[in-house]
Amino acid sequence: MNTEKTAARRLSLEEVTKLGVKDRILVSADTAELKLPDCYVPAFLTKSGEDFEGGSITARTVFQEEVSCLPDDENEAGVYVADEDGSETIEVLQSAGVVLDLALFVPGGDRGSLTALYAAARQAFGADVVQIWRQGLKEVPDVKVDIYEEQVPRGRKGGDSPKRDRRAIDTYPTRAEFIEFSAGWKPVVEIHRPIVDDTPTI
């Protein structure tokens, strides 16, 4: 396990309420899935400190886990910030790397092109380092589509036509799976029809 000793200062609840979502903090790395007592991990508040009610706050770690804690509770690990003049030294869990969850479109892709892609990644990061955890391959038809975001109708039916915003033009609607649509809107996928201006010219 790779950790780093860091000089830090424990924050009170009052100090935490003055933090924003971009302020880097250190919270306990001990979770139900991974037992790491006396170890901390970099994190950020899920919302501004002033917006939390009561003495409990929620933070999202750099490993995308949400943790809740009571900063003022002496029986809990507490919330820290890195501080060279801090009175305590804590162990901070370091990152081993990142797992990429990518959607790659390889034009005319076949087994040979994928093998070349993996070989290039291993050459860049080292053989036996890049591991392929999950591979989902599917061929896509040569169809261009429009991806719209359409407002979900409310109230009685038969009223005004729903509002629509175009989010993307794509070769295949696979990208609709990765677009985060706004609350109250739904995805609509239609065959792309280029606008043809047949206005006669002089």
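# Notebook: a walk through a predicted chain

At 57% relative accessibility, Thr 89 counts as exposed, because exposed means over 50% relative accessible area, buried under 20% and partly exposed in between, with a 1.4 Å probe and protein chains only. I noted that Thr 89 sits in strand E7. Helices (H or I, at least four residues) and strands (E, at least two) are DSSP runs, numbered from the N terminus.

Before going on, I wrote down that this is a predicted model, where local features need pLDDT of at least 70, side-chain atom pairs count only at pLDDT 80 or more, and totals for chains, interfaces and linings use all residues. I also noted that residues are numbered from 1 along each chain as its sequence is written, and that side-chain values use heavy atoms, with hydrogens and water left out.

Which residues does Thr 89 touch, not counting those up to four places away in sequence? I found Lys 5, Thr 6 and Ala 7; contact here means heavy atoms within 4.5 Å. Thr 6 is 83 residues from Thr 89 in sequence, yet their C-alpha atoms are 5.4 Å apart in space.

**Strand E1 and its partners.** I looked next at how the strands pair, which takes at least two DSSP bridges between two strands. E1 (residues 3-10) and E7 (residues 88-93) run antiparallel and are joined by six bridges. In this pair, Thr 3 stands opposite Leu 93 of E7. E1 also runs antiparallel to strand E6 (residues 80-82), with three bridges between them. There I found Arg 9 with Val 81 of E6 as its bridge partner. A handy reminder for looking at strands: in a regular strand the side chains alternate between the two faces of the sheet.

**The whole chain.** How many helices and strands does the chain have? I counted two helices and 10 strands. Along the sequence they follow the pattern β-α-β-β-β-β-β-β-α-β-β-β. Of the 202 residues, 24% count as buried. The accessible surface comes to about 15,300 Å², and 49% of it belongs to carbon and sulfur atoms; these areas come from the Shrake-Rupley method with a 1.4 Å probe, and for residues only the protein chains shown count as cover. Among contacts in the chain with a separation of 6 or more, 58% are between residues 24 or more positions apart.

**Thr 58, a buried threonine.** Is Thr 58 buried or exposed? Thr 58 counts as buried because its relative accessibility is 19%. Thr 58 belongs to strand E4 (residues 57-61). Its side chain makes a polar contact with the side chain of Ser 68, at 3.3 Å. A polar contact is a pair of N or O atoms within 3.5 Å; within protein, one must be able to donate a hydrogen and the other to accept it, and residues adjacent in sequence count only if both atoms are side-chain atoms. Leaving aside neighbours within four places in sequence, I listed the contacts of Thr 58 as Leu 45, Thr 46, Phe 52, Glu 66, Val 67 and Ser 68.

**Cysteines.** I searched for disulfides (a pair of cysteine sulfur atoms within 2.5 Å) and found zero in the structure. Cys 39 counts as buried at 4% relative accessibility, and Cys 69 counts as buried at 9%.

**Positive phi values.** Most residues other than glycine have a negative phi, so I made a note of the ones below. Asp 38 has a phi near 65 degrees, although this residue is not a glycine. Asp 38 lies in the loop between strand E2 (25-28) and strand E3 (39-45), and is exposed with a relative accessible area of 69%. Gln 64, also not a glycine, has a phi near 65 degrees. Gln 64 is in the loop between E4 and strand E5 (66-69) and counts as exposed at 60% relative accessibility.

**Helix H2.** H2 (residues 111-125) has 15 residues and reaches 21 Å from its first C-alpha to its last, close to the 21 Å expected at 1.5 Å a residue. The expected span is 1.5 Å times one less than the number of residues. Just after H2, Gly 126 takes a positive phi of about 110 degrees.

**Last stop, Arg 193.** Where is Arg 193? I found Arg 193 in the segment after strand E10 (185-191). Arg 193 is exposed, with a relative accessible area of 64%.
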